[in-house]
Amino acid sequence: ISTGIFNYDNTDAAIVAIDAVQSWLEKNHQSIDNIIFCTYEIKDYNIYNELLTRYFPEGNAIDNSQKDG
């Protein structure tokens with residue numbers, strides 16, 4: 001979801017992505033171990049961190065090992 005040149009709202013984009021993943025997981029949770037959301041800007045990283053703890057309050061493991069800055 002392009003939040004850059006096309007000006008799609010960053011929070012709205014994250015919500016769409018997380019909603020899609022959550023919906024998919026309801027039927028396919030047994031077939032996957034990890035999901036990675038790749039963000040390019042720190043503001044997006046922060047948005048995802050906040051939203052993911054709301055969507056997945058239990059078992060939410062956020063790996064900061066690849067975070068820059």
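Colleague: Hi! What does Phe56 count as, going by its relative accessibility?

Modeller: Phe56 counts as partly exposed, at 21% relative accessibility. For that term, under 20% relative accessible area is buried, over 50% is exposed, and partly exposed is in between, with a 1.4 Å probe and protein chains only. Bear in mind that this is a predicted model, where local features need pLDDT of at least 70 and side-chain atom pairs count only at 80 or more, while totals for chains, interfaces and linings use all residues. Residues are numbered from 1 along each chain as its sequence is written, and side-chain values use heavy atoms, without hydrogens and water.

Colleague: Thanks. And Ile18, buried or exposed?

Modeller: Ile18 is buried, with a relative accessible area of 0%. Ile18 belongs to helix H1 (helices are DSSP runs of H or I, at least four residues, numbered from the N terminus).

Colleague: Which residues does Ile18 touch, leaving out those up to four places away in sequence?

Modeller: Beyond that range, Ile18 touches Phe37, Tyr48, Leu51, Leu52, Tyr55 and Phe56, where contact means heavy atoms within 4.5 Å. Tyr55 sits 37 residues from Ile18 along the chain, yet their C-alpha atoms are separated by 7.9 Å.

Colleague: Which residues make up the largest nonpolar core?

Modeller: Seven residues in all: Ala14, Ala17, Ile18, Ile47, Tyr48, Leu51 and Leu52. H1 and H2 each supply at least two residues of this core, and the largest share, four residues, comes from H2. A nonpolar core here is a set of buried Ala, Val, Leu, Ile, Met, Phe, Trp, Tyr and Cys residues joined through side-chain atoms within 4.5 Å.

Colleague: What does Ile47 touch, not counting residues up to four places away in sequence?

Modeller: Asn10, Thr11 and Ala14 are the residues that Ile47 touches on that count.

Colleague: Switching to rings: how many aromatic pairs are there?

Modeller: Two aromatic pairs. Rings of Phe, Tyr and Trp (its six-membered ring) pair if their centres lie within 6.5 Å; planes under 30 degrees apart are stacked, over 60 edge-to-face, and the rest tilted.

Colleague: Why does the pair of Phe37 and Tyr48 count as tilted?

Modeller: The planes of Phe37 and Tyr48 are at 40°, with ring centres 5.1 Å apart, so the pair is tilted. Phe37 lies in the loop between H1 and H2 and Tyr48 in helix H2, so the pair ties together parts that are 11 residues apart in sequence. Phe37 is partly exposed at 24% relative accessibility, whereas Tyr48 is buried at 15%.

Colleague: How far apart are the ring centres of Tyr55 and Phe56?

Modeller: The centres of Tyr55 and Phe56 are 6.5 Å apart and the planes are at 40°, so this pair is tilted.
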